[in-house]
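These are my notebook entries on what I looked up in this model. I began with a salt bridge and then went on to the sheet and the helices.

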Amino acid sequence: MHESGKSDRPVVPAKRANKGTVGVEQTQAEPAERVEERGLTKGKTGQQNASGTQGPVHDAPSALTRLREAAKRDKEAKFTALLHHVTIERLTASFHALKRGAASGVDGVTWAMYREDLEANVQGLHARVHRGAYRAKPSRRITIPKADGGERPLGIASLEDKIVQRAMADVLNAIYEVDFIGFSYGFRPGRGPHHALDALSVGIHKKKVGWVLDADIRGFFDAIDHEWMRKFVEHRIGDPRVVRLIQKWLKAGVLENGKKVPVDAGSPQGATISPLLANIYLHYIFDLWSEQWRQKQVRGDMIIVRYADDIVIGFQHEQEARRFWAAMAKRLQNFGLELHPEKTRLVEFGRHARQNRDKRGDGKPETFDFLGFTHRCGESKKTGWFRVERQTIKQRMRATLKRVAGVLRRNRNAPIAEQGKWLGQVIRGYCAYYAVPLNMRLVNVFRNQVIRSWIKWLRRRSQKHALPWQRMQRLVRLFIPSVRVMHPWPSQRFGVRTLGRSPVR
């Protein structure tokens, strides 16, 4: 298709690319996977109704459901016509799914500004995408602090780039969710970090795991090779217009200090399409390779859990763990990736780790961090049986408390009710993630430290009147929620998700 260089908004063509009349996609449960059965796909990614006078046919399968079924029937099929799934309706739904208060990109367009003339804006965007005149804008580069003291670069895409990327991700997910292996959990529909944590904990308990390889890929999102990315996408996607769109997003570059910086590798963290592209990249580089390695090279038990570029692999035998480590490092090097030398480590971990280390005089079993939790070898006080204990990474908790204290300091003269409402939201959000079994002591520590910080800055509002403790207690009861366990034991939730049909591999 010829690509026009015009940047103005064109008139919408009378004949739209999507001619079919379909209903809303019905999510369906997948059959059991080898590692874990996939959960139900959430969201409205299958919504695709024909516009015009004809209404939706609700008893017919949606376009994306048919796409998913076709991908499932033939794992080698290449899809040569996909862009027609990016309809005006899907672009509109993608717009409404964006965060309304998110920061704007290089064009300065906010969600509210775009909504003022939403119908015309989306129609113009749809027309440019389908005639090839759409141009991806560079991402606005910002950095956010990391818990380890470093900084993480993020790329803020322009609003229209976010809309098109989200719509295209919905279409591509219908294909790739059929292909992705069960031990991949990061940024997938119906999956989250706690599902990965559950699978890891259950795997260590159910399998004969004695060693854990905690692997981290150094600068993964910045090291993605564009040429390899294109080749991997073309395994399944034969529509050159879609491939061209992906290449536009990868090569759009970033804007730093008012200057556009071209990029030869990487996918900006923060871009809507980046998580899916990262999963596609690692699917071909790591997932398929490690699954084959497990089947052919391992004699003992082996479990794998991957969340984006954070990977944990459990082994029964130390020798096999070290062979895999060396093979994995070589495999990643072939595609321009590198294991982080400081964050990648092999630790003795499992039901016999404590006894084995005591015999050698090596002290307590080592720990490893994964998805915000430090994993420890523990035992039940009642039965003495081995169990995996998960506790908040203390460095991350200190970093969060520091950010909370900073906000309270800057806003210490704000109304007390406003401060209390915000702190209540902070506590609830923290508990929603970290309030897991065996971690409540540290969650209570976090809550108490937040209260102490609030008292400190409230008492500095005035030099004349100190805040009485009795009044502070009333404020705490009014605004600060008590904490409780918010998550079931990993084996309970894992069993419900898999219905007992998917053994941990």
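I note that the model is a predicted one. Buried or exposed, I asked of Glu160? With a relative accessible area of 10%, Glu160 is buried, and Arg128, at 9% relative accessibility, counts as buried too.

I then turned to Arg493, which forms a salt bridge with Asp198 in which the closest N and O atoms are 2.5 Å apart. Arg493 lies in helix H17 (residues 490-498) and Asp198 in helix H6, so this pair ties together parts of the chain that are 295 residues apart in sequence. I checked the accessibility of this pair and found both Arg493 and Asp198 buried.

The side chains of Arg230 and Glu234 also meet in a salt bridge, at 2.9 Å from N to O. Here I noted that Arg230 is partly exposed, with a relative accessible area of 22%, and that Glu234 is partly exposed as well, at 27%. I also recorded a network of salt bridges that links Glu348, Arg357, Arg360 and Asp362. For the model as a whole, my count came to 16 salt bridges.

I followed an open sheet of three strands, whose order is E9-E10-E11 and whose pairing is antiparallel. Strand E9 (368-370) and E11 stand at the edges with a single partner strand each, so one side of each has no neighbour in the sheet. From one strand to the next, the twist averages 40°. Between E10 and E11 I found seven bridges, in the antiparallel sense, and I noted that Gly378 has Arg387 of E11 as its bridge partner. Helix H6 (residues 193-206), which holds Asp198, lies across E9, E10 and E11 and runs at about 150° to E11.

I listed its buried residues as Ile416, Gln419, Gly420, Leu423, Gly424, Val426, Ile427, Tyr430, Cys431 and Tyr434. Seen down the helix axis, these buried residues fall within an arc of 160°, so they line one face of H14. The face turned away from that buried side carries the exposed residues Glu418 and Lys421. When I looked for what covers the buried residues of H14, I found among the elements strand E10 (373-379) and strand E11 (386-392), together with helix H13 (394-410), helix H15 (440-459) and helix H16 (469-479).

I finished with Asn279, which is found in helix H10 (residues 274-297) and is buried, with a relative accessible area of 1%. Leaving aside neighbours within four places in sequence, I found Asn279 in contact with Phe180, Ser184, Gly186, Phe187, Arg188 and Arg306.

Technical notes: Residues are numbered from 1 along each chain as its sequence is written. This is a predicted model: local features need pLDDT of at least 70, side-chain atom pairs count only at pLDDT 80 or more; totals for chains, interfaces and linings use all residues. Side-chain values use heavy atoms; hydrogens and water are left out. Buried means under 20% relative accessible area, exposed over 50%, partly exposed in between (1.4 Å probe, protein chains only). Helices (H or I, at least four residues) and strands (E, at least two) are DSSP runs, numbered from the N terminus. The arc is that of the directions from the helix axis to the C-beta atoms. Contact means heavy atoms within 4.5 Å. Two strands pair if DSSP finds at least two bridges between them. Axes are lines fitted to C-alpha atoms, for helices over the stretch in contact, and angles run from 0 to 180 degrees between N-to-C directions. A salt bridge is a side-chain nitrogen of Lys or Arg within 4 Å of a carboxyl oxygen of Asp or Glu.
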